[in-house]
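Student: Please take a close look at a single part of this model, the sheet and what surrounds it, and walk me through it in one connected answer.

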Amino acid sequence: MAGVEESRHEWRVPRGIVALKGAGMMLCGVLAIAGDGAQLFLAGVATLGFGLLTGRDLVAPVRLAAAEDGLVVTGLSGRERISWNDVDRIRVDSHRRYGLTTELLEIDAGEQIHLFSRFDLGEPVVDVAETLMRMRP
């Protein structure tokens with residue numbers, strides 16, 4: 001979490017995650033060039049997917065920002081401002097499967113639900129949820 005001011009917080013995709021997505025794009029690109037027809041298609045689709053995710057992370061690295069007037073959520077569809085009055089619930093959804101625990105920050109804003117993982121926010125989602133709960137009027 002990088003606090004711009006005491007009353008504003010931002011959470012962004014860690015640079016290491018962006019680098020891994022970029023490396024995945026490069027690896028899939030090499031496999032697409034070196035492979036046969038079926039490998040070309042699958043590796044090409046994977047290259048495109050990694051490329052889109054990497055591009056999104058480079059263009060809009062800040063996924064969630066919070067201030068006194070509300071939240072700003074950024075994703076593939078653009079940037080959206082959400083007033084604190086429109087936020088119905090903030091919670092951490094935790095699932096355990098195959099010995100791994102997955103946690104997602106869930107922000108319920110009326111007809112929309114925004115989900116964020118640690119890889120979107122750069123820190124544990126429980127810490128982000130606690131910060132948001134303290135900031136929420």
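Tutor: A word on terms comes before the details: contact here means heavy atoms within 4.5 Å, and angles run from 0 to 180 degrees between N-to-C directions, with axes being lines fitted to C-alpha atoms, for helices over the stretch in contact. Please keep in mind throughout that this is a predicted model.

The part in question is an open sheet of three strands in the order E6-E7-E8, with antiparallel pairing. Its edge strands are E6, residues 89-97, and E8, residues 112-116, each of which pairs on one side only, and from one strand to the next the twist averages 30 degrees. In general, strands of a sheet pair through backbone hydrogen bonds, in either a parallel or an antiparallel manner. Here, strand E7, which covers residues 100-109, pairs with E8 in the antiparallel sense over five bridges, and Leu 105 has Phe 116 in E8 as its bridge partner.

Lying across E6, E7 and E8 is helix H4, made of residues 125-135, which runs at about 25 degrees to E7.

The phi angle of Tyr 98 is near 55 degrees, which is a positive value in a residue other than glycine. Tyr 98 counts as exposed because its relative accessibility is 78%, and the cut-off for that class is over 50%.

Notes:
Residues are numbered from 1 along each chain as its sequence is written. This is a predicted model: local features need pLDDT of at least 70, side-chain atom pairs count only at pLDDT 80 or more; totals for chains, interfaces and linings use all residues. Side-chain values use heavy atoms; hydrogens and water are left out. Two strands pair if DSSP finds at least two bridges between them. Helices (H or I, at least four residues) and strands (E, at least two) are DSSP runs, numbered from the N terminus. Buried means under 20% relative accessible area, exposed over 50%, partly exposed in between (1.4 Å probe, protein chains only).
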